[in-house]
Structures are given as structure tokens and as C-alpha cells.
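I opened the model today to look up its fold, its core and its charged pairs. My notes follow in the order of looking.

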Amino acid sequence: QKHGHRPVVLVGGGTTKVGDPSGKDESRQLLDEATIQSNIDGISSVFDKFIEFGTDKAILVNNADWLDSLGYVEFLRTVGAQVTVNRMLS
């Protein structure tokens, strides 16, 4: 930002809605919308110390903004509960 660039901070509000065992025996606890928003607010406050958000400044983008409208999260919650991400990708 100090050198003329416009930072984009991408947060995973959509992908955090998917429980993935990630090599563990149990799925990640699914978070409610209020908890997800609280986490995003916390992440944003960390970035506030380093970059300036606003019009023509840094932007914070939440992947839930486009993933939720695709029905992708619901699909992954259903399928993801049955298999790991590694298995889906193989």
C-alpha cells in the first residue's frame, strides 16, 4: 500500500462453513454465522494495524459472498462429511 498497490484481504467465511477432518478422526466443528462473523472481525482488526481499508484503499473480501450463492458450501457439507478433501481431489 505504501508503494501504490491496493491490498486485497481474502477471508474464508464460506470455506469455514465446511467441516473437513484434514487427517483427523473427527470433523471440524461447524460454526454458526455469528461466530464466523466474529472471527472475520478479529482478522480484520489485525490487518487494520498494517493496512488502511476504505474507498480506493485496501479491501476485505469474504469468499462467502460468492460461494454461498453457488450452493457450493451445502454440497461440500454433504459430500465432505463422507470423504476427506484429499480423497475428493484424488
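Does E52 count as buried, exposed or partly exposed? E52 counts as partly exposed, at 44% relative accessibility. I use buried for under 20% relative accessible area, exposed for over 50% and partly exposed for in between (1.4 Å probe, protein chains only).

Ground rules. This is a predicted model, in which local features need pLDDT of at least 70 and side-chain atom pairs count only at pLDDT 80 or more, while totals for chains, interfaces and linings use all residues. Residues are numbered from 1 along each chain as its sequence is written, and side-chain values use heavy atoms, with hydrogens and water left out.

Entry 1, fold. I found four helices and two strands, in the order β-α-β-α-α-α along the sequence. Helices (H or I, at least four residues) and strands (E, at least two) are DSSP runs, numbered from the N terminus. Strands β1 and β2 (residues 59–62) run parallel and are joined by four bridges; two strands pair if DSSP finds at least two bridges between them. Of the 90 residues, 24% are buried.

The core has six residues: V9, V11, I36, I40, I51 and A58. In β2, L60 is the bridge partner of V9. Beyond four places in sequence, V9 is in contact (heavy atoms within 4.5 Å) with F47, I51, F53, I59, L60 and V61.

Entry 3, charged pairs. I searched the whole structure for salt bridges (a side-chain nitrogen of Lys or Arg within 4 Å of a carboxyl oxygen of Asp or Glu) and got three. K57 and E52 meet at 2.7 Å, N to O. K57 is partly exposed, at 32%.

K17 and E33 meet at 3.1 Å, N to O. K17 sits in the loop between β1 and α1, and E33 in helix α1, 16 residues apart. K17 counts as buried because its relative accessibility is 7%.

D68 and K17 meet at 2.7 Å, N to O. D68 lies in helix α2 (residues 64–70), so this pair ties together parts that are 51 residues apart in sequence. D68 is partly exposed, at 33% relative accessibility. Through shared partners, salt bridges join K17, E33 and D68 into one network.

Key: A nonpolar core is a set of buried Ala, Val, Leu, Ile, Met, Phe, Trp, Tyr and Cys residues joined through side-chain atoms within 4.5 Å.
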